[in-house]
Amino acid sequence: MSNPERIGITTSIPVEAIFASGAIPVDLNNIFITSPERRGWVENAEIAGFPPTCCGWIKGIYSAAKSSDISSVVTVMAGDCSNTHALAEIWQHEGLKTIPFAFPYDRSRAALEGEVERLCARLGTDLEAAREAKKQLDPLRELAMEVDRLSWEENRVTGFESHLHQVSASDFCSDPKLYAETLSAFIAEAKGREPFRESVRLGFIGVPTIYDDFYEHLESMGARVVFNETQRQFSLPYVGEDLIDAYLKFTYPYDVFARIADIKREIERRRIDGIIHYVQSFCFRQMEDMLFRKLLGVPVVTIEGDRPMPLDARTKTRLEAFVEMLEVEAL
Ligand code: SF4
């Protein structure tokens with residue numbers, strides 16, 4: 001029997017359609033950021049012609065696709081990143097098949113259902129099979145939710161562990177069985193840990209950070225991230241819901257106000273002292289910072305990253321000052 005086809009994705013999509021088709025999804029972001037070659041991959045994209053003023057994630061996933069054994073890539077043309085348009089055209093020119101997908105900005109159920117149906121048809125499957133795949137994947141999503149709960153409710157999981165296991169649910173590490181085994185073993189181990197007793201509880205919002213040591217550095221200061229906003233959304237914590245309903249609740253691809261409502265709910269529930277808003281250099285999402293600062297109701301610090309590297313001294317100082325301020329406020 002031949003190996004299943006591997007299909008790249010540029011961000012979280014209704015991955016159930018890929019599984020229903022018998023293919024395997026490969027989240028190029030995860031391939032990029034976990035590769036020991038990640039720094040070189042950004043440089044390789046620049047050597048190929050990508051401008052220095054283009055987002056590091058775009059350059060990274062361009063190179064990740066070149067280094068992967070994918071046959072095609074689902075490119076999200078609305079609801080993620082406008083840079084994906086040009087990236088898809090470059091891939092097409094270079095001979096990589098692209099399959100467009102769009103989240104409707106107005107969150108229209110009919111429009112989303114139409115998009116998922118079109119995606120299924122392009123992949124040689126149908127909506128009912130994708131709905132069935134969602135039922136099969138829900139127990140895995142429950143595992144990611146349990147990791148998240150252990151992080152904020154029982155304080156037994158680090159910010160990085162919560163980040164990693166939730167963000168990996170975008171493609172279930174291209175191996176759902178292995179993902180389930182890994183998370184089940186992790187949860188059993190974490191449940192036996194002594195709870196962390198950090199002095200400051202933080203929320204992390206924005207796209208996943210490109211820095212190597214972000215979470216570890218915060219924990220070395222006595223703070224811990226107990227909410228990873230986007231990663232939690234990528235894990236689609238809407239189990240038991242219909243496929244289309246779940247992707248309508250997914251806050252990331254639509255307007256920022258649904259994200260703000262979700263973040264505020266979680267600030268309250270998780271007793272969060274302050275928010276770190278991570279922004280990527282040259283990303284249009286940086287503009288959302290002004291709304292987060294106005295509307296979240298807790299202190300917000302904004303940090304920016306460009307390419308994969310350890311935290312620089314200036315960013316470390318800003319994080320340290322923020323944590324110290326929150327510690328003083330808590331006294
Ligand atoms: S960080 Fe911003 S610019 Fe970069 S890929 Fe994501 S949405 Fe696009």
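Tutor: Residues are numbered from 1 along each chain as its sequence is written. The model is predicted, and local features need pLDDT of at least 70, side-chain atom pairs count only at pLDDT 80 or more, and totals for chains, interfaces and linings use all residues.

Student: Why is α7 called roughly antiparallel to α8?

Tutor: The axes of helix α7 (residues 127-152) and helix α8 (residues 159-167) cross at roughly 165° and come within 9 Å. Axes are lines fitted to C-alpha atoms, for helices over the stretch in contact, and angles run from 0 to 180 degrees between N-to-C directions. Angles under 35 degrees count as roughly parallel, over 145 as roughly antiparallel, 65 to 115 as roughly perpendicular and the rest as oblique. The crossing angle therefore makes α7 roughly antiparallel to α8. Helices here are DSSP runs (H or I, at least four residues), as are strands (E, at least two), numbered from the N terminus.

Student: Which residues make the contact between α7 and α8?

Tutor: Ala144, Val147, Asp148 and Ser151 of α7 meet Glu161, Ser162, His165 and Gln166 of α8, where contact requires C-beta atoms, placed from the backbone, within 7 Å. By class, two of these residues are nonpolar, four polar and two charged. Ala, Val, Leu, Ile, Met, Phe, Trp, Tyr, Cys and Pro count as nonpolar, Asp, Glu, Lys and Arg as charged, and the others, Gly among them, as polar.

Student: What makes α7 and α9 parallel or antiparallel?

Tutor: The angle between α7 and α9 is about 30°, and their axes are 10 Å apart. The two helices are therefore roughly parallel to each other. In α7, the residues meeting α9 include Leu137, Leu140 and Leu143, and those in α9 include Tyr179, Leu183 and Phe186. This contact of α7 with α9 has 13 nonpolar, one polar and one charged residues.

Student: How do you know whether Val226 is buried or exposed?

Tutor: A residue is buried if 20 or more other C-beta atoms lie within 10 Å of its own, exposed if 12 or fewer, and partly exposed in between, with C-beta atoms placed from the backbone. Val226 has 27 other C-beta atoms within 10 Å, and is therefore buried. Val226 lies in strand β6. Leaving aside neighbours within four places in sequence, Val226 is in contact with Ser151, Trp152, Arg201, Leu202, Arg270 and Ile272.

Student: Why is Glu94 called exposed?

Tutor: Glu94 has 11 other C-beta atoms within 10 Å, so it counts as exposed. Glu94 is placed in the loop between α5 (83-93) and β4 (97-102).

Conventions. Two residues are in contact if their C-beta atoms, placed from the backbone, lie within 7 Å.
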